Structure formats: structure tokens, C-alpha cells
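The structure is shown first, and the description follows.

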Amino acid sequence: MSMNRPAAAAALAAALCLLTAGCGSPSADKATDTKAAASATGYPVTLDNCGVKETFAKAPSRVVVMNGASVAEVSTLLALGLGDRIVANEQGYGMSEVPGRAAAIKKLPTGGVKLNDAYDIPREAMLGLRPDLVLSTTSYGFDQKNGFATRGRLKDVGANAYVSPRGCHQDTSGMTIADSYRLLRDMGKVFGVSDRAEKLIAASEKNIAAVTAKVKGEKKPKVMVLFSNMSMGGNDFSSVVAKGIYNDILARAGGSNAFENASRTSFADLSKEKVAATDVDALVVIGYNDPNPAAYARKLLKEFPQWPAAKNDTYVTLSDSMYLGPSNDVAVRKIARMLHPNAF
């Protein structure tokens, strides 16, 4: 290929500049410096979230956490030391197995938003908060039909959006502890604190492995998991867990779900007769904004005295550690101690 003299001279000059780093235009140098700075801090970061590419040029500083009947997202941010990035949080269980977490969540700003009928942030209120990141447990939180700001609309105002693991299709029946780790890892990448996320994950994995080793080979009691004083359907027991992360936690703790086959979805809607006819060796009662889930557990044991759980008074109350979030190892330990006290 031929090259004219001016072009050849320019090519030679460019080559010398690359070798010596001794020349260049101010704008080119500035662009190079910007790229180098971005590379040094790990940005930009791009996540594929529910089939949508979300690119972060820097760590978010105005985060809105939608309700979603969860505390997974806010608990994850707090565990990573990112509470100061939250400008509005609508999540809260009112209790936690982690000391100080419930109080820390209660202190977070809510943005002064008037919530809609779904107890979440409507579209115009969301845009008024000027977020640069919005977290939702499922894609429900970005559905226009529900009155929420869509991901596209948020993108128009410079905000990224994130749906937590397994929430893309609003079906959490296949959720496992690994999804809690994924949420931690994703937030670690987004906020440039991957080292913190990996330390939390490693500690959780170590704790769970230690518990699982203690209960290995033990008989797996049948456990009923349900939310206290909560109605989701038409029967007496409509908040009974069938599938999801709960079963993974039970398995690691040396137990099994007594109602795993009662529904194809995460929750079963059961009659009192169905519940009475099932052998329940132990109860796990999840308190969701219930100040006294233990009272509910004792009520159930009294109502079904034929259960082995009632005869042995075997139950434990939990809250956020039993759900998607950074503290599943706490639930594994507490349930294992209830089911297999002699192993500890």
C-alpha cells in the first residue's frame, strides 16, 4: 500500500509520540486522563439486568429503594456501608436478626412521598426525588400499568434502574441463597465496593458451611414456614411458604419444607384441614411488621396439639434473615440450632 509524504510524516510523528509520550494535544491528553481515571476507579460499570443494559459512569449518590414488601435491597446497601447514598427508602420490617439494623432502616429518609395503594412510590413522586438509581425487588416496580415510572422514563431523567435477582418475571419460587450473593455482588460493582461485598459473601459461606457440617447426616425434620398474622388468599393459611429461598435455607440447616409440594408458586393458600392433616415437626414464623411473632407461633402450636412441633414446643421466629438479603447465614444457624440442638 502506497503512502504520500505528508501522510508518512504524520504517521512517523504519531509513532514517535507513542514511544516517547512527548507530544499530544491538550484535548487528547484530557480524554486520555479521563479514561485512565475511570479505569483506575473501575468505571464505567455495565450490568445486564432483566435484559436491559444499565451503565454506571460513577457510583450512585441519590438512591431510591422501593417497597416491594422486602428489606433485601435496603439491608444490602446498609451491609455494604452505603446508607448515606439513600435519599428515599420505603422498605422496613420493623425488626431484624442483625443488631441495630431495624433502627438504622427506621432512621433513613423516606423522601416525604405520599405512597400509592400498593404502598409504593408513584411515577411523578419518583421523578420528583431526582434519583440516579432506583432499586425494585421485582419488575412490578417499573410497570407503567401500576402507575410507576418505567425504566425508560427513569433513563430519560438520568436514573439507572435495578431489579433484584429472580424478580424479572415476578416469580421468586426458584430463589436460592446464591441470589442473595448476586445482589451483594451487583451492588458492590455498582458502588465500587466489590471488596466489601466479597468479604460479606465469604463470611456468609463460611458460617453456613460450618453449620451444614454439624448437621450432616441428621434426620431432616419437616418444617412449616409462614408469615405471622398475614393473609394473602382466601383460606385460613394463605401465607405458608412452599418454594423459594426459604427451602434452600431449610436444607442448609438440616430441615425440609413440610408444604413444599402444596403449591407450584412461592406461597400456598391452605385450609385449616390441610394444615391439620400434615405432620409438622417445627415452626419457622417470619415476622413482617409484627411486634410479637412468638405469640402467633404459640397460638398455632396450641391450635394443632397433634403436631410433633406442639408436643416439643419447637419453633423459632425470624424476619429479614429468612428472605433475600445479606444475612441468610443467621437464619441457617438459628434454624439448625432449633432442629438439631444436640449438634451444637
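## The disulfide and its surroundings

The link of Cys50 and Cys168 is left-handed, with -85° about the S-S bond. Cys50 lies in the loop between β1 (45-49) and β2 (52-56), and Cys168 in the loop between β6 (160-163) and α7, so the pair ties together parts that are 118 residues apart in sequence. The sulfur atoms of Cys50 and Cys168 are 2.0 Å apart, and a search of the whole structure finds one disulfide, meaning a pair of cysteine sulfur atoms within 2.5 Å. Cys50 is partly exposed, with a relative accessible area of 30%; Cys168 is also partly exposed, with 27%. On this scale, buried means under 20% relative accessible area, exposed over 50%, and partly exposed in between (1.4 Å probe, protein chains only).

The model is predicted: local features need pLDDT of at least 70, side-chain atom pairs count only at pLDDT 80 or more, and totals for chains, interfaces and linings use all residues. Residues are numbered from 1 along each chain as its sequence is written, and side-chain values use heavy atoms, with hydrogens and water left out. Helices (H or I, at least four residues) and strands (E, at least two) are DSSP runs, numbered from the N terminus.

## Helix packing

Two packed helices are described by the angle between their axes and the distance between the axes. The axes are lines fitted to C-alpha atoms, for helices over the stretch in contact, and angles run from 0 to 180 degrees between N-to-C directions.

| Helix pair | Angle | Axis distance |
|---|---|---|
| α7 (residues 177-190) and α8 (residues 194-215) | about 160° | 7 Å |
| α9 and α13 (residues 328-339) | roughly 50° | within 8 Å |
| α8 and α13 | roughly 20° | within 9 Å |

Angles under 35 degrees count as roughly parallel, over 145 as roughly antiparallel, 65 to 115 as roughly perpendicular and the rest as oblique. Helices α7 and α8 are therefore roughly antiparallel to each other, and α7 passes α8 in a right-handed crossing. A crossing is left-handed if the near helix is turned anticlockwise from the far one by less than a right angle, and right-handed if clockwise. On the α7 side, the contact includes Ile177, Tyr181 and Leu184, while the α8 side includes Ala197, Leu200 and Ile201. Contact here means heavy atoms within 4.5 Å. The residues of the contact of α7 with α8 divide into seven nonpolar, three polar and four charged. For these classes, Ala, Val, Leu, Ile, Met, Phe, Trp, Tyr, Cys and Pro count as nonpolar, Asp, Glu, Lys and Arg as charged, and the others, Gly among them, as polar.

Helix α8 also packs against α13, roughly parallel to it, and passes α13 in a left-handed crossing. The contact is made by Ser204, Asn207, Ile208, Val211 and Val215 of α8 with Asp329, Val332, Arg333 and Ala336 of α13. By class, five of these residues are nonpolar, two polar and two charged.

Helices α9 and α13 are oblique to each other, and their crossing is right-handed. Ile245, Ile249, Leu250 and Arg252 of α9 meet Asn328, Ala331, Val332 and Ile335 of α13, a contact of six nonpolar, one polar and one charged residues. Helix α9 (residues 245-252) is mostly covered, with six of its eight residues buried. The buried residues are Ile245, Tyr246, Asn247, Asp248, Ile249 and Leu250. Gly254, whose phi is positive, near 85°, follows α9.

## Loop residues

Met175 is located in the loop between β6 and α7 and is buried, with a relative accessible area of 7%. Leaving aside neighbours within four places in sequence, Met175 is in contact with Pro165, Arg166, Gly244, Ile245 and Leu324. Met175 and Asp248 are 73 residues apart in sequence and 8.3 Å apart in space, C-alpha to C-alpha.

Ser319, in the loop between β12 (315-318) and α13, is buried at 1% relative accessible area. Not counting residues up to four places away in sequence, Ser319 touches Tyr93, Met95, Ser96, Glu97, Ile286 and Gly287.

Tyr119 has a positive phi, near 55°, in a residue other than glycine, and is exposed at 59% relative accessibility. A cis peptide bond joins Tyr43 and Pro44, with omega about 5°; Pro44 lies in the loop between α2 (26-41) and β1.
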